[in-house]
Amino acid sequence: MRKLFFILTLLLNVVLVCAQGSNSEKVFIKNIKLIDGTGGPIQNNTTVLIEDGVFKKVFNSAEFKIPKNVKIIDGKGKTMIPGLIGVHNHLHIPGNPLLGEIATKLYLASGVTTIQTCGAASPEKEIEIARKIETGEISGPEIIPSGPYITGIGGNMNMIIPQNEDQLRDLIKFWKDKGARWFKVYRNIEPEFLEIVIDEAHKNKLKVTGHLCSITFKEASEMGIDAIEHGLNSVSDFRGKKKAGKCSGSREYIDELDLASVEVEDLLDLLVENGTVLTSTLSIYEASVPSRKFIDERSLEIMSESFRNNFKNVSNRSNKEVSKTREKRLKRIMEFEYRFYKKGGILSAGVDAGRHVLPGFGDQRNFILLKEAGFTTQEVIHIMTKNGAVKLGRTDIGTIETGKRADFIILDGDLEFDEKAIRRIYKIYKNGFSYNPDSLLKGLKGKYGNL
């Protein structure tokens, strides 16, 4: 009996993989506005042919003949963009070490087709979730998993605090064999240990990012770190009375630093020259500005009752002076990122879900905030798609171009002139397969934030 059950389970898994892993559907999209992720001009009245899970042709609508046996989508009044690539997109939030399928469905339903977890509270379980998505057992974005956080003395005791070089190198190899592809160092990491993390990770063809404090952006970039998170909010290069290798010193710079100064220009030039990626996380910082209190009705519906009540209690504590200060800081964080990008820097984006900012919904909010920062629509899509792929070292995703994997979103509306269209998702395609956002969100009501 047990043998029969095993065989039936195996056959069911095969059926699931075949059902979600076959890319035989042909899709023909005509008359659509296309923002292809390259950063180039927006294209009107475009036709796109998808076959075997890849973009076969992208051309002007006037040039086409409709092939046979193809699903036709009329894109009139709609916008097509690549699937969003979130590169600071956790599967946990403070107080809940694993959101699991609640997060994966939220991401995919919001048009996020690939995520980098950027530090894991439950790394082994997250790697298992990534495998289940890959085999079609559950729905979600492609997940690029991270190992556990690595910090230093005085840091969070739930993270890895290295004791010596051998232990640290063994740790990296251990998690590489488990399936981790990135490591995130945290605020208290010692310089000598960061050098070891970078060296061992690169030997194993892995990448390293950091939420820095003890180590400056300049120092980390010169060591060869692949990416740095949070931009100006975590720069320690300009802290007053900072001690070398220690998370110390004052943060007056966040309010007083001249962002047009030679010192800032030199730092940005260094980051650009070294190819160090910066990741923008505007939506989570905005959540700390009391006067903004941004939340949408979708989030309230999906939050658990206790989580929703906690948010309402926090949001009622408005402080005008705090709001004024943090609003100014948000604008300065935006300016720092804008200057970096305009110099040719690789700026990517992620939600860093927490507070009342939910997975996926916060990624959509990032689009609106990057527009507020002064970027054009095509620049924002470039940041949130192509640059995410560059950070991940991927060439198969991130843009809508012939031969690339067919990860894309169709939005109901003209995104160029209506930024809120980023929320109105008509259809999501991942690896050539379509997903309905309403179906993905069905059953999540009241579950977000439950332990």
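1. Val 185 is in contact (heavy atoms within 4.5 Å) with Ile 150, Leu 194, Val 197, Val 208, Thr 209, Gly 210, His 211, Leu 212 and Ile 225, leaving aside neighbours within four places in sequence. This is a predicted model, in which local features need pLDDT of at least 70 and side-chain atom pairs count only at pLDDT 80 or more, while totals for chains, interfaces and linings use all residues. Residues are numbered from 1 along each chain as its sequence is written, and side-chain values use heavy atoms, with hydrogens and water left out.

2. Val 185 is also among the residues with the most contacts inside the largest nonpolar core, together with Ile 81, Leu 194, Leu 415 and Tyr 448. That core has 99 residues. A second, separate core of 14 residues includes Val 27, Ile 32, Val 48 and Ile 400. A nonpolar core here is a set of buried Ala, Val, Leu, Ile, Met, Phe, Trp, Tyr and Cys residues joined through side-chain atoms within 4.5 Å; buried means under 20% relative accessible area, exposed over 50%, and partly exposed in between (1.4 Å probe, protein chains only).

3. Not counting residues up to four places away in sequence, Lys 30 touches Thr 46, Thr 47, Ser 61, Phe 64, Ile 72, Ile 73, Asp 74, Gly 75 and Lys 76.

4. Lys 30 and Val 357 lie 327 residues apart in sequence and 35 Å apart in space, C-alpha to C-alpha.
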